[in-house]
Amino acid sequence: MALPNIGIDAATLPEGIVFIRERWFYADYTKRYDEIEKKYIKLKSDEYYKSYWSLTQIAYGATDKLTVVASFWYFDSKIKSGDDVGKDKGIGDLYIFSKYKLLSVEKEPDSGIVGLLGLRLPTGDKKNMPILRLGDGSTDIGVGFAATKQWGRSTNSIFGGIWLNNKSDRAIDKRHEVEYRATSEYELVPKKLNLQMELKGVWFEGNKERLLELVPGIQYTPVFPLTFQVSCKVPIEARGYFKYDYQIVLGASFAFPVSHKTIPQKSVRESQP
């Protein structure tokens with residue numbers, strides 16, 4: 001749903017707090033799925049598919065229970081594989097969603113359950129090189145739920161969501177898309193250094209395509225509320241499209257109040273809009 005660096009948890013931003021995060025992704029695809037042989041085939045020595053994209057997320061705590069988020073994508077990709085030869089760059093689809101606290105746990109502000117409601121707008125190009133997937137081509141609705149529980153320095157979250165694809169003539173993906181995540185985070189150095197691990201799965205196009213990844217990561221806060229993140233996505237099971245051996249993700253985030261309120265450190269540091 002929100003495509004965060006590591007996980008989707010049940011934390012919401014405090015009222016009046018703005019949270020900005022920038023992430024950079026790079027993938028060098030090495031294999032292409034063969035629909036006839038039903039397996040991945042390694043790209044030839046003169047073939048390639050390289051993709052770079054960035055994600056800017058701006059979140060705002062409308063109330064202590066409600067966080068609203070806008071996600072802006074930018075892609076720059078090029079491919080030479082079989083009949084697919086070309087390149088494309090530009091903005092991707094715009095994601096807007098809300099995160100509402102349904103259940104809180106006393107004395108554990110980041111534990112609980114949230115509901116998510118999202119809207120995906122077809123702002124990304126799908127005509128030049130649709131194989132590069134800058135845009136989906138339809139306006140879609142997403143719904144999901146996340147639950148989080150803290151145990152000492154450990155925070156564990158699970159998430160499940162679905163994008164309900166609009167079956168219009170303009171849409172590339174006409175089937176619903178299911179996403180699920182399990183995330184664990186351990187505070188190695190209090191208020192400074194966190195170790196993270198995520199299991200992330202995506203299932204779409206009627207199971208013609210799917211991807212299950214293991215995502216280790218690290219989060220460092222040199223001076224609150226400035227935070228840096230590094231993670232690596234490693235596919236452990238996949239079907240369809242292209243496949244990379246690994247994908248690098250870098251991130252940086254910052255938060256600030258737009259009212260007289262101060263920023264509660266733990267809530268902002270662990271929020272994953």
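Arg-181 and Glu-198 are both buried, buried being under 20% relative accessible area, exposed over 50% and partly exposed in between (1.4 Å probe, protein chains only). Their side chains meet in a salt bridge, 2.7 Å from N to O; the term takes a side-chain nitrogen of Lys or Arg within 4 Å of a carboxyl oxygen of Asp or Glu. Arg-181 sits in strand E10 (residues 177-189) and Glu-198 in strand E11 (residues 193-204), so the pair ties together parts 17 residues apart in sequence.

A quick word on the source: the model is predicted, with local features needing pLDDT of at least 70 and side-chain atom pairs counting only at pLDDT 80 or more, while totals for chains, interfaces and linings use all residues. Numbering runs from 1 along each chain as its sequence is written, and side-chain values use heavy atoms, leaving out hydrogens and water.

Glu-108 pairs up with Lys-149 in another salt bridge, their closest N and O atoms being 3.3 Å apart. Here strand E7 (residues 108-121) holds Glu-108 and strand E8 (residues 140-151) holds Lys-149, so this pair links parts 41 residues apart in sequence. Lys-149 is partly exposed, at 29% relative accessible area. Glu-35 and Lys-38 also form a salt bridge, at 3.7 Å from N to O; Glu-35 is partly exposed at 45% relative accessibility, and so is Lys-38 at 48%. The whole structure has twelve salt bridges.

As for the chain overall, buried residues make up 49% of its 273 residues.

Conventions:
Helix = DSSP H or I, 4+ residues; strand = E, 2+ residues; numbered from the N terminus.
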